Amino acid sequence: MRLDRWFKRRIPTLALSHLAKICRKGEVRLDGKRVETSSRIAAGQKVRVPPLSVEAPKAPAVKRPEQSEADARAIRDMILLDDRDLMVLNKPFGLAVQGGSGTKVHLDGMLQSLSHACGDRPVLVHRLDRDTSGVLLIAKTRKMAADLGEIFRSRAARKIYWALVEGVPRPSQGRISLYLAKGEGMGDSRGENRPPRGRHGVEERRDIEKMRVAKHGDADAQHSVTFYAVVDKLSPRLAWLSMKPLTGRTHQLRAHAEAIGCPIVGDPKYGHSDEDRRRRADPNRNIPDGVENKLHLLARRLILPHPKGGVLDVTAPLPPHMRKSWDMFGFDISQRDPILDAPEE
């Protein structure tokens with residue numbers, strides 16, 4: 001862990017400014033060498049702590065999080081793979097990964113139920129939207145989280161998503177390359193444009209927060225790339241898409257699907273233009289009855305090098321609402337996924 005965290009756990013009343021000062025003066029040493037507050041400490045190393053005049057804490061340095069056996073059981077039920085260093089979970093539809101305004105139940109908070117006696121707890125490595133189901137990677141230590149985070153940043157991790165979209169993309173296989181920036185509602189702290197009361201309450205902001213297609217050079221514009229392939233279709237109404245993002249922008253797949261005129265079925269944010277409404281009013285092109293109004297997007301598969309050796313390759317099953325749709329249209333999940341032929345860059 002970082003040196004400043006190490007001191008905070010053991011001497012919680014020591015001011016960080018004072019720690020920075022004694023590090024600059026060389027009074028703190030790691031295995032006899034000078035260090036900075038951001039230096040990392042490994043097990044077995046020796047830290048020299050100079051004489052300090054600080055008050056003894058009146059409470060333990062680390063407040064133990066409340067343990068919830070119900071949360072622990074819920075997480076264990078999600079596990080797709082578990083080893084000494086990491087877990088891969090099958091995140092269900094509707095469960096937020098992190099907390100936010102009005103969000104009290106979220107996976108990050110639930111992970112406290114698996115904290116170790118020393119205070120360590122599992123750490124999120126990446127994110128999924130609340131309504132996106134599927135593969136989610138969890139590190140069991142901060143060191144493993146850092147190693148896995150570097151793999152994601154280097155784009156060595158291959159992510160494959162499945163989606164049910166409205167309409168059928170042309171061509172059937174392609175590359176989507178767009179600049180995305182924060183759009184309507186993103187970061188709006190003044191309370192303007194609040195969404196109407198919905199299934200998640202009047203304060204739920206997610207129905208207005210979305211990304212927009214931008215131009216190179218626009219403020220906040222980030223390049224985004226996704227490969228896609230049609231696996232099967234119910235022409236002209238619906239298509240089963242396999243999608244492989246090369247970048248990891250907010251709402252990337254949902255914004256890209258909308259941009260090619262085939263929004264993901266059940267998306268509360270994207271796919272609500274006049275053209276989308278006209279298509280849904282056409283009995284020959286609308287969404288068939290019986291398809292649940294839930295986001296049909298699954299983080300299907302994750303492939304990456306395991307930091308301790310070998311390859312991690314995990315696949316998540318279809319969530320219940322997507323399984324229902326696949327069964328309704330006779331889509332065969334055992335057929336070969338054409339996205340496997342897509343380039344890696």
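Helices (H or I, at least four residues) and strands (E, at least two) are DSSP runs, numbered from the N terminus. This is a predicted model: local features need pLDDT of at least 70, side-chain atom pairs count only at pLDDT 80 or more, and totals for chains, interfaces and linings use all residues. Residues are numbered from 1 along each chain as its sequence is written, and side-chain values use heavy atoms, with hydrogens and water left out.

**Stop 1: positive phi**

Select His251. It lies in the loop between E12 and helix H6 (252-259). Is His251 buried or exposed? With 11% relative accessibility, His251 counts as buried. The cut-offs are these: buried means under 20% relative accessible area, exposed over 50%, partly exposed in between (1.4 Å probe, protein chains only).

Now go to Asp31. Phi is near 50 degrees here, again positive in a residue other than glycine. Asp31 sits in the loop between strand E1 (29-30) and strand E2 (33-34). Asp31 is partly exposed, at a relative accessible area of 44%.

**Stop 2**

Colour E1, E2 and E3. They form an open sheet of 3 strands in the order E2-E1-E3, with antiparallel pairing. The edge strands are E2 and strand E3 (47-48), each of which pairs on one side only. Two strands pair if DSSP finds at least two bridges between them. How many bridges join E1 to E2? There are 2, and the strands run antiparallel.

**Stop 3: cis peptide bonds**

Select Arg170 and Pro171. The peptide bond joining them is cis, with omega about 0 degrees. Pro171 belongs to the loop between strand E8 (158-166) and strand E9 (173-182).

Next, select Ser235 and Pro236. The peptide bond from Ser235 to Pro236 is cis as well, and omega is near 0 degrees. Look for Pro236 in the loop between strand E11 (222-234) and strand E12 (238-245).

**Stop 4: aromatic rings**

Show the aromatic side chains. The structure holds 6 aromatic pairs. Rings of Phe, Tyr and Trp (its six-membered ring) pair if their centres lie within 6.5 Å; planes under 30 degrees apart count as stacked, over 60 as edge-to-face and the rest as tilted.

Start with Trp240 and Phe331. This aromatic pair is tilted, at 5.6 Å centre to centre and 40 degrees between the planes. It links distant parts of the chain: Trp240 is in strand E12, Phe331 in the segment after helix H8 (320-329), 91 residues apart. Trp240 counts as buried, at 0% relative accessibility. Phe331 counts as buried too, at 6%.

Trp326 is buried, with a relative accessible area of 1%.

Which residues make up the cluster? Ring pairs link Trp162, Trp240, Trp326, Phe329 and Phe331.

**Stop 5: a charge over a ring**

Finish at Trp162, and select Arg300 with it. Arg300 lies over the face of Trp162, 4.1 Å from the ring centre. A charge sits over a ring if NZ of Lys or CZ of Arg is within 6 Å of the ring centre and within 35 degrees of the ring normal.
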